[in-house]
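Trainee: Could you walk me through how to read the surface, the fold and the pockets of a model like this one?

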Amino acid sequence: MQFQLRCGLITLFTIFLDVHPASGQTPEAGPLPTTHFVNPIAEGADPWVTRDPQSGKYLWCLSDGNRAIVIHRSVSLTTFGEKHVVWTAPETGPYSREVWAPELHFVEGRWVIYFAASDGQNKNHLAYALQSKTDDPLSEYALHGPFETGDSEQENRWAIDMTLLEHRGRRYAIWSGWDTATSDRQYLYIAPMASPTVLSGRRVMLCDNADFPWEFTEDEGKGRGLNEGPEVLKSADRTFVTYSCGGSWLPTYKLGMLELVGDDPLNPASWKKFDQPVFQSTSKTYGVGHSCFVRSPDSKEFWHIFHAKMDRSGGWRRAVFVQPFRFSTDGFPEFGQPVTAGEPLMRPSGSEMPMLQLPYQSDLTTDHSYFGHHQFYEPLDGGLKLGTPPAEPVNVYRSGEKILLNALVPNDFTASININFNGNSESTDAGLLFRTTAPAVGFDAQRGYFVGLKPKENTVLLGKMDGRQWKELIRKPVSIDVSKEQRLSVTVVGDEISVKVNGIAVLSQTDSAYASGTVGLRVVNTTAVFSKFNLTKPMAVDRLSE
C-alpha cells in the first residue's frame with residue numbers, strides 16, 4: 001500500500017536522568033555506532049519539521065524566546081542544523097509577545113508560517129501568517145492577519161496552533177480556540193480558506209473537548225476538557241487529525257485522534273473521535289504532545305516528532321524527541337510508546353554522516369548542531385557565545401550547552417579553539433568535546449572525551465562521558481588569565497591524548513574508551529565566547545612525564 005505523509009499536512013542529560021533514567025538497553029560505556037542516535041535531540045516545544053522540495057533538507061520551525069521565529073536547516077532528522085532567524089516580533093503591539101507554535105508549509109509556490117501571538121496577555125492570542133516573497137524558505141516574509149477566527153466580523157476569538165488540511169482539492173485551516181471571548185476553554189475548530197493567508201468562512205467546532213475523562217487537564221476526568229495542537233496525518237485513503245489534550249504543563253499530556261469519515265470536513269458529523277489516547281506518557285517519558293510527522297531521508301520510514309516534559313512538577317520546560325512509527329495494513333497509525341531518553345535508536349533510513357577532510361576551519365555558524373536551551377546560544381561575528389543567561393528567559397534550564405560538528409572527524413587529529421571568559425575569574429568549565437558520539441540534551445549526554453579550562457580553579461581537566469555520567473581522567477594546574485583569550489588544543493593519536501594551553505604542553509593521558517566520533521564545544525554552567533575553531537592533521541603527541 002502506498003502512503004502519503006507530510007508534517008502536519010503530511011505533502012541536562014543529567015537533568016533528564018533525574019526523571020528519565022537511561023534505558024537498561026543502553027551500554028554502560030563505549031562509543032555508540034554512527035548508525036544510531038539518542039533522544040532528546042534538542043530543547044524546545046511544539047516542534048515542527050518539513051522537507052524542502054527543492055533541496056530535500058529538513059526545515060525545523062520553532063519559536064525563539066517567544067519573540068521571534070527561526071528555521072533550522074539540516075540534512076538530518078536527528079539534529080537541527082544551522083539556525084536562521086526569519087522573523088522578529090516588533091517591540092510593541094498585538095503580535096509583539098508570546099509567539100507560539102509556528103508551522104512552516106509550502107503552499108502555492110511560497111512558504112507560509114502559521115503562528116499565534118499576543119500583546120503579552122494570553123487572552124489576546126490570535127492566529128497570523130507569514131508568507132515568503134520567494135520560494136526560498138530563508139527569504140524575506142510578509143505578515144498577514146490576524147485570521148478571522150471568531151463567530152462574526154465584530155468579534156475575533158482567541159486562537160493558537162493553526163495547521164492546514166487539504167482535502168479533495170480544497171484547503172482548510174484547523175486550530176485550537178476559545179468558545180467565547182473569555183472562557184479559557186479550548187476546542188478544535190475548522191474553517192475553509194480563500195487563500196493561504198485568508199479564511200473564506202466562519203469557524204465550525206469539530207468536537208467537544210471533554211468526550212472522555214482522559215481529555216481533561218487532570219486525571220480521572222478532573223479539571224476541564226482541553227484540546228489543542230491539531231496535526232493532519234494521511235495514509236493512502238484515510239485522513240486523521242491528532243490533537244494534544246489535558247494540561248500541557250502536566251505529565252499527563254497526551255495525544256487523541258480524530259478521523260475524517262464523512263465527505264465534508266466542515267460537518268462535525270464527518271469526524272470520528274477515537275475513545276482511547278493514541279500516544280501517552282510512560283513512567284520515564286511524560287508530558288508528550290504537540291506532534292508532527294515526516295518521512296525519513298529516503299522516504300522509506302515514517303517518523304514521529306513530539307516534545308516531552310523535563311519535570312514531573314507543573315511547568316513548560318520541554319525537549320524534542322523523534323522516533324519511528326508505522327501504519328497498520330488498514331492504514332491506521334501505530335505510534336507505540338514514547339522512547340526513553342538515552343535509549344539508542346537506529347538513525348532514520350537514508351541518513352549518513354559525512355567525513356571531514358583535514359585541515360578544516362569551522363565558521364561556527366553553518367556546520368554544527370546545538371544541544372541545549374535555545375536562549376543560551378548566540379552567534380557572533382567571527383565566533384559563538386554559549387551559556388549567557390537570557391535577558392527574558394522562557395522556560396530555561398542549563399544542560400551543559402554544546403555544539404557538535406555535523407560530520408565525523410578522522411580518528412587522529414589536532415583540534416584547537418580560542419576561549420574568551422570575558423574577565424570572569426569565577427568561570428567554570430569551557431572547552432572541547434572530541435571523539436564524541438550520541439549527543440543529546442543534557443550535561444553528560446554524549447559519549448566521548450572533554451577537555452576544558454576552569455578559571456575558577458586555574459586548572460585544565462580531561463575526562464570522559466558514557467552518556468550518563470562524567471569520569472575525570474586527569475587535571476593539572478595552569479595559570480588562566482581571563483583578561484585574555486586562551487588557546488586550547490588537544491591532539492589525539494591512537495590511545496594517546498595530549499593537551500596544550502597557549503601553545504604549552506600541560507597534560508597527557510592514555511585512554512582507549514573512544515576511538516572515533518566528531519568534535520565540538522561545551523560549557524558547564526558558565527559563559528564563554530569561542531572563535532578560531534580548527535582541526536588539522538596531528539603532529540607527534542607531547543607525552544609528559546608524571
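Trainee: How much accessible surface does the chain have, and what share belongs to carbon and sulfur atoms?

Mentor: Accessible areas come from the Shrake-Rupley method with a 1.4 Å probe, and for residues only the protein chains shown count as cover. Here the chain comes to about 20,500 Å², with 48% of that on carbon and sulfur atoms. Keep in mind that this is a predicted model: local features need pLDDT of at least 70 and side-chain atom pairs pLDDT 80 or more, while totals for chains, interfaces and linings use all residues. Residues are numbered from 1 along each chain as its sequence is written, and side-chain values use heavy atoms, leaving out hydrogens and water.

Trainee: What percentage of the residues count as buried?

Mentor: Buried means under 20% relative accessible area, exposed over 50%, and partly exposed in between (1.4 Å probe, protein chains only). Of the 546 residues, 60% fall in the buried class. Cys245 is one, at a relative accessible area of 0%.

Trainee: How many disulfides are there?

Mentor: A disulfide is a pair of cysteine sulfur atoms within 2.5 Å. Searching the whole structure gives 0. For Cys245, the nearest cysteine sulfur is that of Cys207, 10 Å away.

Trainee: What secondary structure does the chain have?

Mentor: Helices (H or I, at least four residues) and strands (E, at least two) are DSSP runs, numbered from the N terminus. The chain has 1 helix and 41 strands. Its C-alpha trace spans about 80 × 50 × 45 Å along the principal axes.

Trainee: On to pockets. What volume does the largest pocket have, and which residues lie nearest its centre?

Mentor: On a 1 Å grid over the protein atoms alone, a pocket is an open set of points where a 1.4 Å probe fits, with protein on both sides within 12 Å along at least five of seven lines; lining residues have an atom within 4 Å of a point. Points are joined across faces, edges and corners, and the volume is the space filled by probe spheres set on them. The largest pocket holds about 950 Å³. Its lining has 50 residues, with Ala45, Asp46, Trp100, Arg318 and Asn395 nearest the centre. β7 gives the most to that lining, 4 residues.

Trainee: And the second largest pocket: what is its volume?

Mentor: About 610 Å³. It is lined by 39 residues, and Ser76, Thr79, Met353, Asn406 and Ala407 are the closest to its centre. Elements giving two or more residues to this lining include β5 and β33 (430-437).
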